[in-house]
Amino acid sequence: MAPRLLYWMEALSVMGKVPVGDSLLRRVPLWLKSSEVPIDERINDALQFILAFREPIVTSAPHIYISGLAFAPTETEVRRDGNHYFRKLLVVEEGRRESWPERPSMLKEHTEGVTSVAYSPDGRRIISGSWDKTIRIWDAETGAAVGEPLRGHTDKIFCVAYSPNGRHIISCSYDKTIRIWNPETGAVVGKPLAWHTSYINSVGYSPDGRHIVSGSFDTTIHIRHAKTGTAVGTTLKGHTNAINSVTYSPDGRRIVSGSRDRTIRIWDAKTGAAIGKPLEGHTNSVNSVAYSPNGLRIISGSRDRTIRIWDAGTGAAVRKPLEGHTDSVSSVAYSPDGLYIISGSFDQTVRIWDAETGAAVGRPLEGHTFMVSGVAYSPDGHHFVSGSWDHTIRIWNAGIESDVGSPLKEDTDSTSSCISLTEIRPDFHFGFRPPRICGLVGAIDPAIVTSGLSIDSNGWVHHPDGGLLFWVPEDYHNGLTCSAILTIPTSGRDRRVRLNLEGFSYGPSWTDIKMADS
């Protein structure tokens, strides 16, 4: 199977159709299951290969073999089969993985800052909106990009959300429009919806999916029929500055909004009338608001670096502000059981709070290298996701083994609770000197001995003349660089890695890796 599978990937790479391969391999198990045909483990192995080596596969077809096959785990079908057909690959003499690593903690495809993230109602997908004017759909289990980016907005996307039934995605943009998308096809549903006169910051569905609510720089809130776009009641007016966040209450009877005017307002979703007085207390712009799952509480995150909890019925503040972030709080969300609150901040961290006591739970979660712009819980409460201006999305493990709502477990071996221990080194993002590789055995070129090798920000190792030598998986980076001294545990990200490049075919001679009968 190996040669044909790898040749197929080679064709996808040359044609620029690698995402098609992702999609097809994910569907094969469903087809086999419906036909009552046993699912071949090699199908899953092939998908894992594409997910693990997407960067080299997309960048250069020869690196399917030079990099992908060379670093594939020893106990995988693709590696075992490939050994019979290919030679003269670099050899991982020490530190090779035996099996595929855990799911990726970091999703990278956007080319500019990520502004908004959300889970699908069934928890199988994650969506993200970006300043690169695209929306991307991700497989929440594997971290793989699903299909092509959704394109159509002509300016930065600021908010994305799923419809309650999961059949549509809605987005709003600085192009002053709202768009509705079919997540299965990626097609736009209907025409762009344009009723605001300035940038649109926030958009969402009512719990029954019948209506859309949106808030804008123009200081207004609109409620519209989701199917027709016609107005539901009058335009909601009252804020005196840009509206940053709007959302429905769980029962659909109320709407809450947060504004740059430093206030929060509650509205009757049916009549559009303001309910009570504005909620005051924040000393700077209110960036994000959310209802608790039972509808009894409202939370707000502000540029004043605090989070506040409010009684949704009376508008009274509940206990003191939650303090801990050292910069603007950009996004807040409740866990599905209402026991926890998560917050993202411009201080590059995500924090978790006890919703009842307001106490911080564990340490700040670090990993992003620029401002965190959005956070969201998975429907089952087992994970949450964050989006950042560092162009990435991270999936975090809420530390729940069985019962949703168990205390978050603090990872004693890492500074974060990411699902995977593999992380991009922060110095990659800020142009620091790339880490030098020391774990090499055997020389392929005198020039390499003289100048040495290093790993760039995307995992590539370049020949001194500028050409691509090979690509290194993320969880090999630490063990391969000069700072690596640990050998235990052998599967950890700090395990020592040694590569043997003697006899390694690269550059124009890369075709020598194929044996005559392959």
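A: Let's start with a pair of residues: across from Val 372 you will find Ser 388, which belongs to strand 25. A strand here is a DSSP run of E with at least two residues, numbered from the N terminus. Before we go on, please keep in mind that this is a predicted model, in which local features need pLDDT of at least 70 and side-chain atom pairs count only at pLDDT 80 or more, while totals for chains, interfaces and linings use all residues. Residues are numbered from 1 along each chain as its sequence is written, and side-chain values use heavy atoms, with hydrogens and water left out.

Strand 25 covers residues 383-388, and six of its six residues are buried (buried means under 20% relative accessible area, exposed over 50%, and partly exposed in between, with a 1.4 Å probe and protein chains only). You can check this face by face: His 383, Val 385 and Gly 387 are buried on one side, and Phe 384, Ser 386 and Ser 388 are buried on the other.

Now look at the partners of strand 25. Strand 24 (residues 372-377) pairs with strand 25 in the antiparallel sense, over five bridges; two strands count as paired if DSSP finds at least two bridges between them. Along this pairing, Val 385 in strand 25 has Ala 376 opposite. The two strands make a hairpin with five residues between them, and there Gly 381 takes a positive phi near 75 degrees.

Strand 26 (residues 392-397) is also an antiparallel partner of strand 25, again with five bridges. Here Ser 386 has Arg 394 in strand 26 as its bridge partner. This pair forms a hairpin too, with three residues between the strands, and His 391 in the turn has a positive phi of about 80 degrees.

Step back, and you see an open sheet of four strands in the order 2-26-25-24, with antiparallel pairing. The edges are taken by strand 2 (106-108) and strand 24, each with a single partner strand, so one side of each has no neighbour in the sheet. From one strand to the next, the twist averages 20 degrees (axes are lines fitted to C-alpha atoms, for helices over the stretch in contact, and angles run from 0 to 180 degrees between N-to-C directions). As background, strands of a sheet pair through backbone hydrogen bonds, either parallel or antiparallel.

Next, some side chains elsewhere. Ser 257 sits in strand 15 (residues 254-259) and is buried, with a relative accessible area of 0%. Its side chain makes a polar contact of 2.8 Å with that of His 239 and one of 2.9 Å with that of Trp 267. A polar contact is a pair of N or O atoms within 3.5 Å; within protein, one must be able to donate a hydrogen and the other to accept it, and residues adjacent in sequence count only if both atoms are side-chain atoms. Beyond its neighbours within four places in sequence, Ser 257 is in contact (heavy atoms within 4.5 Å) with residues including Ile 221, Val 246 and Val 289.

Ser 249 lies in the loop between strand 14 (243-248) and strand 15. Ser 249 is buried as well, at 4% relative accessible area, and its side chain has a polar contact of 2.6 Å with the side chain of Asp 251.

Finally, there are eight salt bridges in the whole structure, a salt bridge being a side-chain nitrogen of Lys or Arg within 4 Å of a carboxyl oxygen of Asp or Glu. One of them joins Asp 139 and Arg 125, at 3.5 Å from N to O. This pair links distant parts of the chain, 14 residues apart, with Asp 139 in strand 5 (residues 134-139) and Arg 125 in strand 4 (residues 125-130). Asp 139 is buried, at 9% relative accessible area. Another salt bridge connects Arg 297 with Asp 311, with 3.6 Å between the closest N and O atoms. Arg 297 is partly exposed at 29% relative accessibility, and Asp 311 is partly exposed at 22%.
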